[in-house]
Every structure is written in C-alpha cells, then in structure tokens.
Amino acid sequence: MAVVDPTLELERELHESGAHWVVGCDEVGRGAIAGPVAVGVSAVLAACEPHPAGLRDSKMLSEKRREALYPLAQTWSHASAVGLADAEEVDRIGIVAALGLAGRRALVHLHEAGVRVLDSVVLLDGSHDWLTPALSSAPRVVTRIKADRDCASVAAASVIAKVHRDRMMIGYDETYPGYGWTGNKGYGSEAHFKALGELGPSPLHRLTWLH
C-alpha cells in the first residue's frame, strides 16, 4: 500500500472560510474488548508551523515511531487533549454515545486550555458525526473519510490519542496482570481470549462485548 503523507490543505480551506481554529479529531480503541475509548483533538491556527516530518495516521506507524512523534505532535498543535470513556460507560450507553462522551471531554480540555471551541471547525475522521449529538452547544463539524491519513491535524490527534491510550493499557499490566495488555492494548487477540477463559473478565473489560 502506498504511503500517503498528510497535508494542511483542508485545514487551510477551513481557515480561509472563516474558522479561527481547526480542531482535528480522531478516536482510538473503538474496536477493543477492554479499556477506554479515547478521542484525541489537535487544535491548529492558520499561522501554524509545518507539521512534523513523518507524521501520519497512527495505524500506519510503528509503536516506536508513534512514541517519537507524540511529543512533536503535541508541540506542533496549538493545544491538544485526549478525552476518555471507560469500559463501564461503553457498556452502559453504547460505543457511539461513549465516543461522543469522550469527544466532549476532549473539547472541554481544549476549552480549558484557551481554545474557543464554538469558534472552531472540528475536522472529524470518518463519515459519521458521532460528536454533535453529545454536545449541548456544538461547533461546526466537518466529516472526512480518511482524514486521519490525509489531514495533518487529524493525524496528530490520532497519534496523540493512540500513544495516550497505549501507555494507559501498558500501565494496567501491574494492576490487572495476566491479560497481556502490553501486547494487545485491550484488543481481542487469541492470547487475550485465552487469558479471559482462564482468569475471567477484569474491571477493564467491556462485558457487553464478550457475549
């Protein structure tokens, strides 16, 4: 598969159309059977510097490259944040609403960092706007398929969310040992399902996803 480098073309178009801020937004952990779903956001201004060399959708990067790019993506973004919804919330309200909840929390963090969220345009990866229904007052949301591949702000959000969540899951190896979090990060690998059979579910598991 050809490697595609993201650009700032769409962000520039949105800035030129009147957006003071463009907020790239991407989710991580949607398909996991354990751990939180994470939503990363990266806010950029029209005068932002060129994005870090090698920045790409987190799924196209090795763990080592993601770790190296993580601080660069944070520094490049005017402000960035990660919002989480835990396994209990995923079970209670469903994955789509949990994505919205995590996204709302991420935007609150941006607001607290000084980003005027309601004056922003949120550039959301995918074709479905799961964010707007979770917000009482919503900024303009633009969905874009493959935005994590093509748009630098969304690629940055992807890397920031992925590394943040991966580090959390690795840390759980001490709290809930035996599930192989360092390797599977909460996704349903063969070894993970074997551990589930032997140990039963942990408090990190999405119980509604195990039936």
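Reader: Which residue is the bridge partner of C25 in β4?
Author: That's L124. Keep in mind that this is a predicted model.

Reader: OK, and in what sense do β1 and β4 pair?
Author: They pair in the parallel sense, over 5 bridges.

Reader: How many bridges join β1 to β2?
Author: There are 7 bridges, and these two strands run antiparallel. One spot to look at is E27, which stands opposite V39 in β2.

Reader: Let's switch to helix α1. Which residues are buried there?
Author: In α1, which spans residues 9-16, the buried ones are L10, E11, L14 and H15. They sit on the same side of the helix, because they cover an arc of only 140 degrees around the axis.

Reader: What covers the buried residues of α1?
Author: The cover includes strands β1, β2, β4 and β5, along with helix α6 (152-175).

Reader: What happens just after α1?
Author: G18 comes there, and it takes a positive phi of about 120 degrees.

Reader: New topic: where is H192?
Author: H192 is in helix α8, which runs over residues 190-199.

Reader: Is H192 buried or exposed?
Author: H192 counts as buried, because its relative accessibility is 0% and the cut-off for buried is under 20%.

Reader: What is H192 in contact with, leaving aside its neighbours within four places in sequence?
Author: Its contacts are I33, A34, Y179, W181, N184, G186, Y187 and H205.

Reader: Now the aromatic rings. How many aromatic pairs does a search of the whole structure find?
Author: It finds 2. Y172 and Y176 form a tilted one, with 6.2 Å centre to centre and 45 degrees between the planes. Y176 counts as partly exposed, because its relative accessibility is 25%.

Reader: Which residue lies over the face of W209?
Author: R206 does, at 4.9 Å from the ring centre.

Reader: Last one: what feature does UniProt place at residues 20-211?
Author: The UniProt record, an unreviewed entry, gives "domain: RNase H type-2" for that stretch. Over those residues the chain is 42% helix and 18% strand, and the end C-alpha atoms are 46 Å apart.

How values were computed
Residues numbered from 1 in each chain as written. Predicted model: local features only at pLDDT ≥ 70, side-chain atom pairs only at ≥ 80, totals over all residues. Heavy atoms only, no water. Helix = DSSP H or I, 4+ residues; strand = E, 2+ residues; numbered from the N terminus. Buried < 20%, exposed > 50% of the residue type's maximum accessible area, 1.4 Å probe, protein only. Contact = heavy atoms within 4.5 Å. UniProt positions renumbered as here; feature names shortened; annotations may be inferred. Arc of directions from axis to C-beta. Phe/Tyr/Trp six-rings, centres within 6.5 Å; stacked < 30°, edge-to-face > 60°. Lys NZ or Arg CZ within 6 Å of the ring centre and 35° of its normal. Pairing = 2+ DSSP bridges.
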